[in-house]
Amino acid sequence: MQKPMRADVGELIYVPSEVVLFKGESKQISDWTKTKAPVNLLVTNVNNSTYEVFYNNEYWLVERSSTYKL
């Protein structure tokens with residue numbers, strides 16, 4: 001695995017365990033969770049510093065710097 005320059009919508013990314021996923025904007029977080037195990041997630045939207053991903057039947061944001069391209 002390698003750090004992605006940028007993943008595109010529809011691609012899978014690898015998210016290690018203990019990475020924080022959050023909802024809302026980075027300055028106004030409304031909810032958060034932490035991955036308990038490593039997981040491959042589908043990118044549903046690309047933002048400047050985050051990816052929107054589908055995790056446990058919900059949409060979450062994850063910092064791009066915490067992810068790896070498969």
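What radius of gyration would a compact globule with 70 residues have, and what does the protein have? A compact globule with 70 residues would have a radius of gyration near 11 Å, and the protein agrees with this because its radius is 11 Å. The radius is taken over C-alpha atoms, and the globule rule is 2.2 Å times the number of residues to the power 0.38. Along the principal axes, the C-alpha atoms fill a box of roughly 30 × 25 × 20 Å.

This is a predicted model, in which local features need pLDDT of at least 70 and side-chain atom pairs count only at pLDDT 80 or more, while totals for chains, interfaces and linings use all residues. Residues are numbered from 1 along each chain as its sequence is written, and side-chain values use heavy atoms, with hydrogens and water left out.

The protein has seven strands and zero helices; strands (E, at least two residues) and helices (H or I, at least four) are DSSP runs, numbered from the N terminus.

Of the 70 residues, 30% count as buried, that is, under 20% relative accessible area with a 1.4 Å probe, protein chains only. In soluble globular proteins, nonpolar side chains tend to be buried together. Here the largest nonpolar core has 13 residues, and I13, L41, V43, Y51, V53 and V62 touch the most other members. Such a core is a set of buried Ala, Val, Leu, Ile, Met, Phe, Trp, Tyr and Cys residues joined through side-chain atoms within 4.5 Å. At least two residues of this core come from each of strand 1 (12-15), strand 4 (39-46), strand 5 (50-55) and strand 6 (58-63).

Definitions and conventions:
Buried means under 20% relative accessible area, exposed over 50%, partly exposed in between (1.4 Å probe, protein chains only).
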